[in-house]
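Hi,

Here is the structure I said I would pass on. Have a look at it first, and my notes on what turned up follow below.

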Amino acid sequence: MSDTLNLPAETREGVGKGASRVLRREGRVPAVIYGNKEEPLSIHVEAKELVRLLGTGHFMNSIVEIEVGGKKLRTLPKDVAFHPVNDRPLHVDFLRLARNATVHVNVPVVFANEEASPGLKKGGVLNVVRHDLELVCDANSIPDQIEVDVTGTEVGDSIHISAVKLPKGVESAISDRDFTIATIVAPSALLSAEGEEEGTEEATAE
């Protein structure tokens, strides 16, 4: 389960592009907390601390406890806008969480036991179709990652969501189809060689 992250903040009085530019020059990042049937709360956070949390690699699927005005608010990051040139964070949207809230999150996929895949051992390539999964779970039980076991897979096999063991209380947000997460494909060099062999055989037959 992802650890709760802590982020100090201050309320933001001025809104608009001008006020936001001033905050960024001062090393702050404007943000907003919304949801849970309450009025949106405009805040700003320290840029360095935000960048540090983004560097954890699981910021977007972690509970972020924001301390502002002497109160602690449980939130889930929903969107981060970055500068198109220098990748600095420009704005963050946080979803305010109710107690025992159920949330939609994107959780990264990792693949296990690649050495136990006959297809990969023969030179096949793991073609990842989905690098993360959209899941529905309790806000207090967001998994850090979802492990996909490729044991026994052969070239040509596909791994679907139905074959993945999700943690208890965690469900796929996509429930209307058994979508593909990854496939085991022949390497391009092998496919090219097979194509050349077929071409030679056809030429010989002619």
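The lining of the largest pocket splits into five nonpolar, two polar and four charged residues. Keep in mind that this is a predicted model. The volume of that pocket comes out at about 210 Å³. As for who is there, the lining is made up of Arg24, Arg25, Gly27, Arg28, Val29, Ala47, Val51, His83, Arg88, Pro89 and Leu90. Helix 1 (17-25), strand 2 (28-35), helix 2 (47-54) and strand 6 (89-96) are the elements that each give two or more residues to it.

Now the fold. Six strands close into a barrel, in the order 1-3-2-6-5-4, with mixed pairing. On average, neighbouring strands of this sheet are turned by 45° against each other, ignoring direction. Helix 1 packs on the sheet and touches strand 2, strand 3 and strand 6. The direction of helix 1 makes about 125° with that of strand 2.

Last, the charges. Searching the whole structure gives four salt bridges. One of them pairs glutamate 38 with arginine 96, with 3.6 Å between the closest N and O atoms. Glutamate 38 sits in strand 3 and arginine 96 in strand 6, so this pair ties together parts that are 58 residues apart in sequence.

Cheers

Conventions
Residues are numbered from 1 along each chain as its sequence is written. This is a predicted model: local features need pLDDT of at least 70, side-chain atom pairs count only at pLDDT 80 or more; totals for chains, interfaces and linings use all residues. Side-chain values use heavy atoms; hydrogens and water are left out. On a 1 Å grid over the protein atoms alone, a cavity is a set of points where a 1.4 Å probe fits but cannot get out, and a pocket is an open set with protein on both sides within 12 Å along at least five of seven lines; lining residues have an atom within 4 Å of a point. Grid points are joined across faces, edges and corners, and a volume is the space filled by probe spheres set on the points. Helices (H or I, at least four residues) and strands (E, at least two) are DSSP runs, numbered from the N terminus. Ala, Val, Leu, Ile, Met, Phe, Trp, Tyr, Cys and Pro count as nonpolar, Asp, Glu, Lys and Arg as charged, and the others, Gly among them, as polar. Two strands pair if DSSP finds at least two bridges between them. Axes are lines fitted to C-alpha atoms, for helices over the stretch in contact, and angles run from 0 to 180 degrees between N-to-C directions. Contact means heavy atoms within 4.5 Å. A salt bridge is a side-chain nitrogen of Lys or Arg within 4 Å of a carboxyl oxygen of Asp or Glu.
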